[in-house]
Amino acid sequence: MTEVAKEKAFRVHLMICAGTACVSNHSFEVKEALEKEIKRLGLDNEVLVVATGCNGFCERGPLLVVQPGNIFYQQLTVKDVPHLVEEHLLKGRPVKKLMYTPPKEKTPIPVLSDIDFFRKQVLIALRNRGLIDPEKVDEYIARDGYAAMGKALTQMTPDKIISEITISGLRGRGGAGFPTGLKWQMVRNAVSANGGAKYLICNGDEGDPGAFMDRSILEADPHSVIEGMVIGAKAVGATQGFVYVRNEYPLAIKRMTIALEQARAYGLLGQDILGTGFDFDIKIVRGAGAFVCGEETALIASVEGRLGEPRTRPPYPAQSGLWGQPTGINNVETWANVPAIIHRGAKWYAAIGTPTSKGTKVFSLVGKINNTGLVEVPMGITLREIIYDIGGGIPGGKAFKAVQTGGPSGGCIPKEQLDLPIDYESLTQAGSMMGSGGMVVMDEDTCMVDVARYFLSFTQDESCGKCTPCREGTKAMLDILTRITEGKGTEEDLTLLDDMAHAVKDSALCGLGKTAPNPVLTTMRYFLNEYETHIRDKKCPAHVCRQLNVYSIDEERCLNKGKGCDLCRRNCASDAIRGAKNEAHRIDPSKCIKCGVCFDVCNFGAVKVD
Amino acid sequence: MPKLTLEELARIREKTKRLTTIREGGEYRAKVCVHMGTCGIAAGARNIMNSLMKELEERALSDVLLTTSGCAGLCSREPMATVEITGQAPVKYVDLDEKKIREIFEKHVLGGQIVTAYALGIGSEKTDF
């Protein structure tokens with residue numbers, strides 16, 4: 001069916017999401033079932049099934065959008081397919097029971113653009129998501145793809161391209177927010193050593209826990225990155241580019257590989273691009289999944305085949321990067337923005353956002369949130385709008401406690417700052433950072449000391465060990481935090497932790513170490529009382545730190561409600577519960593290992609935790 | 001594949017855009033609905049749909065929407081189709097065959113002239129739903 005798609009018109013296009021999240025939820029099986037059923041009903045001449053990149057609403061996958069009409073179906077299974085095809089495609093009756101109904105509401109919402117999750121989003125980097133098959137370059141071209149590149153190669157000088165990017169206000173989307181135009185100008189001005197080449201790198205080494213912005217862009221719209229890089233190459237005078245992707249992203253690598261082949265076959269990449277005489281090619285470099293390789297100097301070392309360790313800057317990669325040559329390195333999302341800016345103009349882009357942060361930002365919204373997924377929002381939107389309007393709030397009627405932005409290098413922002421408009425500066429002032437766009441939402445059941453310990457254990461684990469502050473400092477901090485969560489913390493630990501955090505921040509070699517203390521510092525800044533409760537009262541208010549929990553059985557409830565059902569005693573691994581059927585049970589604290597199994601198995605709420 | 005020039009790139013863009021424009025949710029000039037209940041299919045609605053698909057392809061149209069619906073309640077007059085020019089009242093056509101629908105397509109959908117010989121009536125049914 002897809003073979004004839006190039007020439008043939010169809011009256012209905014079924015846009016099935018084939019991003020990694022939906023694929024894991026069997027969207028390819030649903031796609032096969034759709035094709036089979038469509039053929040069975042003789043509709044294969046009229047209905048086209050298109051596998052798209054990530055639609056964004058991952059919580060509800062597998063997703064299907066029927067066009068025309070923009071009808072949104074969710075959580076599809078192979079079983080739903082025959083009914084769906086017969087009703088909607090043959091008889092023209094959309095199927096309500098497969099549509100999305102927001103939590104707490106009863107009526108389903110048929111049309112995608114009426115759903116809150118999508119309504120407040122502004123798509124620039126993700127402009128083609130769900131609208132094209134990422135494995136077909138023609139569909140990218142149909143959405144004005146490679147038009148900006150054509151313009152840049154034929155009508156614009158390198159200086160004009162750079163000034164356009166500068167005026168747009170685009171800043172690095174990988175985390176630090178360095179102005180992209182300025183970076184390109186530095187690469188352009190730099191002189192290559194021994195008359196050698198200049199290089200471009202696309203940093204797709206996405207490693208923050210819970211972050212999947214780069215992966216989704218590479219999967220949904222690889223050509224946008226290629227096009228951005230060709231434009232960048234003309235601007236800085238580079239001849240070769242590299243896309244650095246982690247090997248854990250097989251689908252992204254596959255789609256990028258296909259995209260590069262198709263672009264080359266069309267002469268949109270390689271020698272004499274579009275007959276303009278401009279040469280530029282791109283290679284994929286697969287990373288082995290070391291978090292530190294997201295740091296640009298470590299990434300460059302990794303591309304060169306050396307150990308992925310950072311080095312001191314300056315010199316910056318723009319002056320001396322890959323193989324000692326001037327190198328422009330930008331994040332996936334930054335590259336994906338470039339064609340849109342050149343195509344629609346810097347002024348259009350600069351009109352979106354805040355005075356210091358222009359355009360949009362993609363966030364992956366995860367954690368204790370109803371609508372897990374990928375969202376692109378204008379800079380300046382508030383955390384509240386993202387979490388409550390787009391994200392649909394916190395599940396299970398729980399209270400919001402904090403949101404972690406910027407991944408393990410970021411910080412936790414408390415509910416008092418929910419109305420903070422998001423931009424690079426405001427997040428930094430709040431003690432966190434933009435980062436690459438991870439957003440982990442936490443509810444009242446989250447222990448902030450444990451969160452700090454978790455993120456620090458991540459960075460400590462990923463520290464490359466080259467510089468002492470990061471290697472030893474993160475370990476010492478982790479020891480203190482572990483001590484506190486086990487109820488062995490002292491008052492002095494808080495001062496020590498604070499001193500240590502600042503010392504590591506000030507003296508570590510690269511961004512990993514400089515930002516690793518952020519989760520500790522922000523949780524101490526906003527949730528100091530939780531630290532103090534752990535230390536002074538030896539209690540964890542959220543009951544997360546198991547070693548601080550004290551389990552006991554409400555004997556009256558055990559006997560009256562559960563009739564001494566004995567389930568807890570039978571499940572106790574440490575033989576700490578005494579009692580028999582029809583008797584009240586009791587926990588021996590000296591034997592209890594605080595595993596919490598008795599609490600989990602009790603059907604009568606008789607086991608208490610303090 | 002041949003190496004593209006700017007002109008060829010623009011040609012691919014226009015051609016593919018026409019085929020994918022129905023994904024964008026834009027404005028339509030006309031909507032043709034073929035009634036595809038069991039009665040309609042038995043009476044030959046499939047051929048009506050195929051003829052319409054051919055018209056769309058041959059004329060490379062992207063602003064005419066082709067949809068289906070269930071039984072319209074007048075099973076004896078199937079195959080039926082409804083033509084709705086945007087902003088005007090819908091017109092129901094009955095007892096169709098391939099020749100008639102092609103004529104309707106040319107005169108009504110493209111030309112804006114209702115083919116009264118095949119038309120049942122103008123307007124929608126009133127519903128209390």
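**Close-up views of two sheets and a chain contact**

**View 1. Pairing of β12 and β13 in chain A.** In this predicted model, strand β12 (residues 400-405) of chain A pairs with β13(A) in the antiparallel sense over 4 bridges, where two strands count as paired if DSSP finds at least two bridges between them. T405(A) has G411(A) in β13(A) as its bridge partner. Helices (H or I, at least four residues) and strands (E, at least two) are DSSP runs, numbered from the N terminus. Residues are numbered from 1 along each chain as its sequence is written, and chains are lettered from A and ligands numbered from 1 in the order in which they are written. Local features need pLDDT of at least 70 and side-chain atom pairs count only at pLDDT 80 or more, whereas totals for chains, interfaces and linings use all residues.

**View 2. The open sheet of chain A that contains β12 and β13.** Its 5 strands follow the order β11-β10-β14-β12-β13, with mixed pairing. Because β11 (373-378) and β13 (411-414) of chain A are edge strands, each with a single partner strand, one side of each is left without a neighbour in the sheet. From one strand to the next the twist averages 30°; axes are lines fitted to C-alpha atoms, for helices over the stretch in contact, and angles run from 0 to 180 degrees between N-to-C directions.

**View 3. A further open sheet of chain A, ordered β7-β8-β6-β5-β9.** This sheet of 5 strands also has mixed pairing. At its edges stand β7 (270-273) and β9 (327-331) of chain A, each with a single partner strand, so one side of each lacks a neighbour in the sheet. Neighbouring strands are turned against each other by 25° on average, direction ignored.

View 4. Strands β6 (residues 240-246) and β8 (residues 278-287) of chain A pair in the parallel sense over 7 bridges, and Y244(A) stands opposite V285(A) in β8(A). Helix α12 (residues 296-303) of chain A lies across β5 (199-204), β6, β8 and β9 of chain A and runs at about 110° to β5(A). Helix α13 (residues 332-344) of chain A packs on the sheet, touching β5 and β9 of chain A, and its direction makes about 95° with that of β9(A). Two residues are in contact if their C-beta atoms, placed from the backbone, lie within 7 Å.

**View 5. The contact between chains A and B.** The contact takes 29 residues from chain A and 30 residues from chain B. On the side of chain B that touches chain A, α1 (6-20), α3 (45-59) and β2 (64-69) of chain B each supply at least two residues, and the largest share, 8 residues, comes from α1(B).
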